[in-house]
Amino acid sequence: MTPTIQAIGIANGGGDCPGLNAVIRGAVRGAILGHGWGVVGIRDGFDGLIWPERTLPLTVESIAGVLPRGGTILGTSSRGNPFHHTIEEGSPQVTNDDSMTCRRNMEKLGVNALIVIGGDGTLTIARDLGRMGIPIVGVPKTIDNDLSATEVTFGFDTALHVATDAIDRLHTTAESHGRVMVIEVMGRDAGWIALHSGIAGGADVILIPEIPFTIETVCERLRERAATGKRFSLVVVAEGVKLPPTDPFGKPFPKPRPGQVGILIGDAIHESLKQDVRITVLGHIQRGGSPSPFDRILATRFGVEAVELAARGNFGRMVCLRAGEIESVPLDDAVGEVRLVDPKGSMVRTARAVGITFGDQ
Ligand code: F6P
């Protein structure tokens, strides 16, 4: 039976992402102005449902000014899973299933339905809470743009702008000094940020997890450029790229720690070419700061549509973008499948056509 809604709760989980506040604002304004509901903000991922004192009322007044703000006014947690909830204080550590606590606390708070904003991990938890009968609507979020059920996630466009701006800046200094610049960008197991920013920034080499590469092929390309009088080169590396087993001298690559893969590749290029190489690991700068207009608009549309799904009693679904329109898919279909770059797809073909190498041929 569709619950009569008096109030909804809004939670976000996992890493923060530019545009989260725009979703929250869209949902709060949609719920209050469109339906007269109350809205409860749940702090720090799902932790706010386990400790309801960590919730706060959200009103049109209290969310004023959040649209251009990066981060999330609710705080977030990358580890809080109510089904395997680990109490970290003291020892030994204890892991509980607190999902029923979440459900009871929703009742205590007078919250009839939840809007959960997150990536694959958070939305999997949302799906499982939905399977317990909690009325839930999901909103996809990640700078990595790797969720299969939506064409785009908000946050990606902002990260792309930051990465492209960084490549542009590296370009001018690379040219001045005749250096090879290696820049490592985020994206987890997908190469979307590297591929798009590499094309937008005019990279010479793009290395992504979806296309195996060798250092020799990368260096070959850089030598070819040097032979035509180009003294500098730009190499964009996705953080999730899979290193070949050995460097050109037969030395095994170590298993890279986060933020180390660009350094290992840059060092190997330096050893091979004996040319000046500088390495930039862009890191969390890609996730911080104000969302782009595209992300603000997409996030607002997602927030508003999540409320409308709840109003229609369409629970267990996630909003998504398809051919420019906001639609929805069952949460069951939305999680568990990562959307990777197609090595034979049109973006990769475009990059190759303008002379970018992926280190594979
Ligand atoms: O999923 C978003 C993301 O920024 C990835 O691109 C990156 O690998 C990861 O999160 C970093 O996570 P953390 O903030 O926990 O270091």
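A: The account below takes each sheet in turn, with the nonpolar cores placed between them.

The model is a predicted one. In it, seven strands form an open sheet with the order 3-2-1-6-7-12-13, and their pairing is mixed. Strand 3 (55-57) and strand 13 (325-330) are the edge strands, each pairing on one side only. From one strand to the next, the twist averages 25 degrees.

Within this sheet, strand 6 (residues 113-118) pairs with strand 7 (residues 136-140) in the parallel sense, over five bridges. Isoleucine 117 has valine 139, in strand 7, as its bridge partner. Two helices that pack on the sheet may be described next. Helix 1 (residues 20-35) touches strand 1 (7-12), strand 2 (38-42), strand 6 and strand 7, and its direction makes about 175 degrees with that of strand 1. Helix 9 (residues 293-311) touches strand 1, strand 6, strand 7, strand 12 (317-322) and strand 13; the direction of helix 9 makes about 140 degrees with that of strand 12.

The largest nonpolar core holds 68 residues, of which Ile8, Ile10, Leu58, Val139 and Phe154 touch the most other members. Helix 5 (residues 156-177) supplies the largest share of this core, eight residues. Beyond its neighbours within four places in sequence, isoleucine 10 contacts Ile24, Ala27, Val28, Val39, Val40, Gly41, Ile42, Leu58, Leu74, Ile115 and Ile117. Another core, of 26 residues, lies apart from the largest one; Phe83, Met106, Cys320 and Ala334 are among its members.

A further open sheet consists of four strands in the order 9-10-8-11, with parallel pairing. Strand 9 (205-207) and strand 11 (277-281) each have a single partner strand, so one side of each is left without a neighbour in the sheet. Neighbouring strands here are turned against each other by 15 degrees on average, direction ignored.

Strand 8 (residues 180-185) and strand 11 run parallel and are joined by five bridges. The bridge partner of isoleucine 183 in strand 11 is threonine 280.

Definitions and conventions: Residues numbered from 1 in each chain as written. Predicted model: local features only at pLDDT ≥ 70, side-chain atom pairs only at ≥ 80, totals over all residues. Heavy atoms only, no water. Pairing = 2+ DSSP bridges. Axes fitted to C-alpha atoms, helices over the stretch in contact; angles between N-to-C directions. Contact = heavy atoms within 4.5 Å. Core = buried A, V, L, I, M, F, W, Y, C linked by side-chain atoms within 4.5 Å. Buried < 20%, exposed > 50% of the residue type's maximum accessible area, 1.4 Å probe, protein only.
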